[in-house]
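I opened a new notebook page for this chain. I wanted the overall picture before the details.

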Amino acid sequence: MEVTPNHTQTVAGWAAMDESGKIEPFIFKRRETGVDDVVIKVQYCGMCHTDLHFIHNDWGITMYPVVPGHEITGVVSKVGTNVSGFKVGDRVGVGCIYASCLDCEHCRRSEENYCDKVTLTYNGIFWDGSVTYGGYSNMIVAHKRFVVRIPDNLPLDAAAPLLCAGITVYSPMKQHGMLQSGGSLGVVGLGGLGHVAVKFGKAFGLKVTIISTSPAKEKEARERLKADDFIVSSNQKQMLAKTRSLDYIIDTVSAKHSLGPILELLKVNGKLVLVAAPDQPVELPSFPLIFGKRTVSGSMTGGMKETQEMMDLCGDHNITCDIELVSTDRINDALARLARNDVRYRFVINIGGNSKL
């Protein structure tokens, strides 16, 4: 573990300097390559809704300047002397986790995301006390444990959001036994997380129902994503018709809403997993839980072993995200659209392109 790195590598990036939220060019230093490090030339970086929260300091924890980005894909340009699993030229990625203690019970089980000392890829505090900067930049240095191999058949741009959106929905699917065919899955919200959950569900042989507030998304859900069913959550007749029809539900909605009507869609002993983070508490009435013996749980991203497993499965099933590629000089425009949920379904920044700062 490198404790006192020398920050001498100059990097060009894009940062928010204050709560105004405007992203602008930012030159900063990254640490020199340690013996256990992998240096990655960033090609693409996905734009997550979490980026907006940090850029605007919505959670009151942003350390400015902040360089967002935790859906990073690129090519290895250098490796440390202790690195054997990666070589120059490899296609790799870095997700939400940049470091952890490596020695607690969670780290020993490769649940680094639940380590008390987990360090986020940006706006985190690294082992040496420095603030981490993310993937809105042309290069990143990462410890080998927190680097993921990208299958050769997956394009680096469309694979980038899998490092956050993909693992965020895959982890609870594995945890709650959703990877076996024959079950029924409901996906609440058809956005960046939701559309990946639908793809996973179909790949694993589940009957997938999308629950959305927008009737306009039904055609796309059925024809493009091959969803088996579609429910408009504000349509009481549709909701009642599907009472006790689902084994599992993954709720991807980041706005305040009531879980009561959604829970009624679950069979007895059904499971609902929250993977989004509304800025206000969700409503959770007790009757749908008590009378249906239903379970509500939460899940955040996943550990590194699980992330690699997810990425390999995506390679096997040829699963990628539906993206809109944006140049670096259009980052602010994309963030404004992201705030309005005006994207199908994930923005990815072309960091390795020829756009000017």
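**Whole chain.** I am working with a predicted model. I looked up the secondary structure and found 11 helices and 17 strands in the protein chain. Next I took the radius of gyration: it is 20 Å, close to the 21 Å that the globule rule gives for 357 residues, so the chain is as compact as a globular protein of that length. I boxed the C-alpha atoms along the principal axes and got roughly 60 × 40 × 40 Å.

**Burial and surface.** I found 54% of the 357 residues buried. The chain exposes about 15,300 Å², and carbon and sulfur atoms supply 50% of that area.

**Contacts.** I took contacts between residues at least 6 apart in sequence. Of these, 67% join residues at least 24 apart.

**The sheet.** I then traced an open sheet of 6 strands. Its order is β12-β11-β10-β13-β14-β15, and the pairing is parallel. Which strands sit at the edges? They are β12 (229-232) and β15 (295-298), and each pairs on one side only. Neighbouring strands in this sheet are turned by 20° against each other on average, direction ignored.

**One pairing.** I zoomed in on β13 (residues 246-251) and β14 (residues 266-274). They pair in the parallel sense over 5 bridges. I250 stands opposite V273 in β14.

**A helix on the strands.** Last, I checked α5 (residues 192-203). This helix lies across β10 (184-188) and β11 (207-212). Helix α5 runs at about 170° to β10.

Notes:
Residues are numbered from 1 along each chain as its sequence is written. This is a predicted model: local features need pLDDT of at least 70, side-chain atom pairs count only at pLDDT 80 or more; totals for chains, interfaces and linings use all residues. Side-chain values use heavy atoms; hydrogens and water are left out. Two strands pair if DSSP finds at least two bridges between them. Helices (H or I, at least four residues) and strands (E, at least two) are DSSP runs, numbered from the N terminus. Axes are lines fitted to C-alpha atoms, for helices over the stretch in contact, and angles run from 0 to 180 degrees between N-to-C directions. Contact means heavy atoms within 4.5 Å. The radius of gyration is taken over C-alpha atoms; the globule rule is 2.2 Å times the number of residues to the power 0.38. Buried means under 20% relative accessible area, exposed over 50%, partly exposed in between (1.4 Å probe, protein chains only). Accessible areas come from the Shrake-Rupley method with a 1.4 Å probe; for residues, only the protein chains shown count as cover.
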